[in-house]
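Let's work through some salt bridges together. Grab the structure and try each exercise before you read its solution.

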Amino acid sequence: MRLIALTTYLLLFAQAVLAQTLKQNIEKAYTRFEQDEQFKYGISSLTVINAATGEVVFSKNGNVGLVPASTLKTVTAATALSVLGKDFTWTTTLGYSGKRSNQGELLGNLVITGGGDPTLGSSRYASTHKDIVLAKWVAAIRKAGIKSIKGCVLIDDRLFGTHNIPNGWLWEDIGNYYGASSGAISWDENQFKLIFKPASIVGERATLVYSDPIMPYLKVVNEVRTGAIGSGDNVYAYSAPYSNVIYVRGTYAADLKKAIGVSMPDPAFELAFRLQDTLTRLGITITQHANTIRRLAADGSTINLDSQVIIAKHQSPALAEVVREFNQKSNNLYGESLIKTLALKQ
């Protein structure tokens, strides 16, 4: 009995010592964290809880309301996996409305219907790369016998509505790649690149060489100046959803060799434009300009898409793969798409 009692005491003592040591280590680490120069005029909070017992091991400013950091993405990811399941996928369809003649003339529109897939056109996965997706759709169009179109490439982007940027997002953020909007259609993670060449003199205008891809329907106003050597990337893009003008401001270091990521104002239209441009280059004539349902509605037009013929379906990678990238890269677009998809499933 004495041996059992002594063993129990030692175990409890060891646990207490370990708990105390853990608490002390966290306190020391957090104190060092708070002393960082970046927190001179800021505030942070941290609460550490024992997952097994629910005991609060450490808490500093635990009851202070603060804007959450990207660590909250883990909650979104866990919820999505629980509600949707790790094998869940998004579906994007390609079809056509109207009639197709025996000569291969389509009297109607090619229609891409968005299902909320944030990975469509993304280079993160082999199956979603934009060149692969476009090639599959071109093959499906040819297989359907379509050789000319008296209509256009039309995107059905209605699934999530038009409110694709959350209220409260900063004007400084939404024009840049990390502030890309989320909608029924995403394309190439809703971003593109700007290539700059710095001037030989600091303070002079940096040259905007080109955009990748080239987007002739967008006007990019370049106000970027050349920064000092070592000053890095301080370029910010300013645009609003569905705008056709983007202002870029800030400084691009004299020794910098980097593409600047910018968000697409209208990813659905970019996809319509890109597929229509691809088909035109391949010799398939199209009589009308690429369009989206949102743009038609804004102009007061309506269109009936009830009698479509579906010729291709694109499935996203499994949710487990998407969540891995979401957490590893802290991808805001994926998070917004997950939240909207969860809302539809409730």
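Arginine 124 is partly exposed, with a relative accessible area of 32% (partly exposed sits between buried, under 20%, and exposed, over 50%, using a 1.4 Å probe and protein chains only). A quick note: this is a predicted model, where local features need pLDDT of at least 70, side-chain atom pairs count only at pLDDT 80 or more, and totals for chains, interfaces and linings use all residues. Residues are numbered from 1 along each chain as its sequence is written, and side-chain values use heavy atoms, leaving out hydrogens and water.

**Exercise 1.** Find which glutamates form salt bridges with arginine 124.

Step 1: apply the rule, a side-chain nitrogen of Lys or Arg within 4 Å of a carboxyl oxygen of Asp or Glu.

Step 2: glutamate 189 qualifies, at 2.6 Å from N to O. That pair links distant parts of the chain, 65 residues apart. Glutamate 189 is buried, at 7% relative accessibility.

Step 3: glutamate 325 qualifies too, with the closest N and O atoms 3.4 Å apart. Arginine 124 sits in a loop and glutamate 325 in helix 7 (residues 319–329), so this pair ties together parts 201 residues apart in sequence (helices are DSSP runs of H or I, at least four residues, and strands are E runs of at least two, numbered from the N terminus). Glutamate 325 is buried, at 19%.

**Exercise 2.** Work out how aspartate 277 and arginine 281 are placed in helix 5.

Step 1: their side chains meet in a salt bridge, 2.7 Å from N to O.

Step 2: they are four residues apart in helix 5 (residues 267–281), which separates them by about one helical turn.

Step 3: aspartate 277 is partly exposed at 22%, while arginine 281 is exposed at 68%.
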